[in-house]
Amino acid sequence: MSTAEWHALQDTFYRKHRLYQMQWAGLDLSKFRIAASSFGGPIALQRDDRQLLEAGAAPLLDSAIHVYAASGQTIGKIEYDGPRLAGLSWNAREELVCVQEDGNVRVFSLSGRDPVSFSLGAEARERGVAECRFWDQGLVAMTQDLRFICVSDVGEPKPRMLADAQLAEAPHSWTVVPPHVTLSRHVEVLVAAGATVLSVDAAGVQDMLLDQGPYARISVSPNGRLVALSSQLQGRIQVVSMDFQRSFSECAAPAGALGDVAWCGSDAAVLSFGSEALLVGPFGDTLSFAYDTRVHLVQELDGVRLFTGAAHELLSRVSEESRSVFQIGSTAPAALLYDAVDSMRAHASRADELVRSIRGELPQAVDTCIAAAGAEPDVRVQQALLRAASLGKSFVAAYNGDRLVDACRGLRVVNALASYAVGIPATLAQFRSLPLEAWVARLLNRNMHALALRVCAFMDAPPDHVYVHWACAKIRASTLDDDALFRVLCERLDALPGAVASYVDIAAVANACGYARLAVRLLMREPRAASQVPLLVSMGHDDAAMDAAVRSGDADLVYFVIFHLFKALPLGDFFQQLARTPQAARLFEKYCVDMGAPVLEDYYFQNDAFAESAQLVVAENLHEKDSAKLAANLKVALKMLQNDKSCAFEARTLDTQIRLLQAQRQLGEDGYGGLTLNQTLAKCLADGNYSRAAKLKTEFRVPETRFYHIKIHALVVRRDWAELARLAAARKSPVGYRPFVDECVAALQFQEAAKYIPRCDAADRAPLFLRIGFFHEAAQVAVQARDVDMLRQIHAQAQDPTLQHDVAQHIQQLTGGCLND
């Protein structure tokens, strides 16, 4: 490799490599407004309407924005007929951001999608936009009244005003400091005002207290540590620290108007002066490069691209690895390994000697050759370095070859991208700084689907999104009918080994292009209902959307369709639509019940759902305190139930409840409201209203046994022992006499309980007497029944010695003299 194109700047070398001979013809770039994208991106040209052109003397006289690859190949044309642009630039997604002087912003994509528009706000609309500065994510616009408006992310625009710098006149120059390199992590603007520089952000304005201005140009290094200043009066270029406290280098500026400013790395600035480019090194040394016409600069991650109307070049710093291999007189292990490859190709024995001489340093030599190959722009040099690395690797027993493989794969992709037909002159460092998906997306923006597929296959990446983009592009450019286009798409997509990433994206494009039937057929192939249903809804296919939502089993999707139908359809049509899908109807009912929505009444009424309507009326009146109003409302529910023959039992039950409410009103509001029939009977009896209780028993056909239980309990609570005795003596109790005893015992009325124990069953008498502590009566009953076990329990619990003696004698008599078992 020749080092003749290396340019020394003290102990650092820079080189300028020819990328392309520009393919556009007859373009005078001085007549155009230019926006060039980084990472080898496209170049946008729009005729500068502020310059007079002779008719027919130059091409591209229209107001459209023409887009070219870095090689000068035409990519496309963006039709633009809006107001004059205050600025245009490319963002990180290769979208062209155009800021109009009226404060509106339009974002164009290379893929042909409709532009996205947003406004910078009322201030920009009223005052107008004078200038703009951009970075890869956002922009800052300066209005005509010298206020700054910031948009941190063009993808999610939220314009906000920065602090007022109180500028009396337009600044000499200004630039943006992106948020990722500032200490505050917020956007800052450096403004050259008078002899000093102001730092403006959302919080306030800070004067840097300089006195050597005015400055014609300000530029911040990529890492945000240095600032390049071009003094207009003194004709000097100065590089200072970000806080403007230290000066690192200073040099004289050449004659001519200052054009672009870019950084070659983080410590060297490149400035264009008409047809001359000046590289200013870290210590004030300079390199000058002359061109025939005006040169334009594009800042890259690892260098600067310089292009004119005739050529496109890359100015970059020579890497330490390349210097180690190629610098004249180098005896580094990597240089010797590289020489060994040349000797081997010449069949010279010196190759073995060179390899043996660096055997202990072969791993480092291999790594250096690999790194140097990634930094070299010439394909032949890359191949030679990789061959040297491969040779050295074969002599190392335990060397991991993944780094060599990765370098080979990356360089093959980079070289494919840099071809004239593609025109993306990225370096390996740039390629590795972005994910592979970003590079594939750039190919898709240019509709280079075949190359994108080969890149995905070569890098073992899934190609699904490539096929999706191809299908979308096919639809946009097709003149076939729906059926023919569906067959073409399916023929290609069905041949894929896996499922297509998203049919929704393809269907959305088809619908936008007027292929409605094709969009529906594509959506039926989408396995993800969460993506499928919203698009079906937006297309107006409500039935298909509802079916898909129900099949998915996702209640949220069903609700999504329900709410859309509720807003889009008249109420009657909405109810009919719900009736066709029982699952959706049940979810709608549940939602209305949970939220208390009154529309549920109309839904039940239209569907003749009498039982549900009645249930809704009853539920609404559960907490009604006014018994008259409650009875009236329940009568409405009763009429509804009577219209449904299958609800006969419910109708009878509700009728009984209404009659009970009426009976309670007759008894008086106090104390009876909200009581059940049993509770009402109990309260009547507890109040001594025995005749009214008997009438309620007859009216509501209360069973005799239930009434007896209620009455016994009520009389015990009332302590009406006479009435309780009359009840027991009136006739044979249908519930027996044990309930009498239990209620009296529960009320601790043992004497009253003892009156009813003799009427209980013989087997229950002794235990009941023992339960209330009547030991003598219990002993008598147990002796009569000859119940030895009960006698033993009485003997154990009794406290009376005489009774214990008598019980013991009875036990001995009954057991033949044995007191215990």
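**View 1. Helices H18 and H19 pack at an angle of about 120°, with their axes 7 Å apart.** H18 covers residues 571–579 and H19 covers residues 582–595, helices being DSSP runs (H or I) of at least four residues and strands runs (E) of at least two, numbered from the N terminus. Axes are lines fitted to C-alpha atoms, for helices over the stretch in contact, and angles run from 0 to 180 degrees between N-to-C directions. The two helices are therefore oblique to each other, since angles under 35 degrees count as roughly parallel, over 145 as roughly antiparallel, 65 to 115 as roughly perpendicular and the rest as oblique. Phe-574, Phe-575 and Leu-578 of H18 meet Pro-582, Ala-584, Ala-585 and Phe-588 of H19, where contact means heavy atoms within 4.5 Å.

The model is predicted, with local features needing pLDDT of at least 70 and side-chain atom pairs pLDDT 80 or more, whereas totals for chains, interfaces and linings use all residues. Residues are numbered from 1 along each chain as its sequence is written, and side-chain values use heavy atoms, leaving out hydrogens and water.

**View 2. Phe-563 lies in helix H17, which spans residues 555–568.** Its relative accessible area of 34% makes Phe-563 partly exposed, a class between buried (under 20%) and exposed (over 50%), using a 1.4 Å probe and protein chains only.

**View 3. The whole protein chain contains 33 helices and 29 strands.** Of its 821 residues, 47% are buried. Among contacts between residues at least 6 apart in sequence, 46% join residues at least 24 apart.
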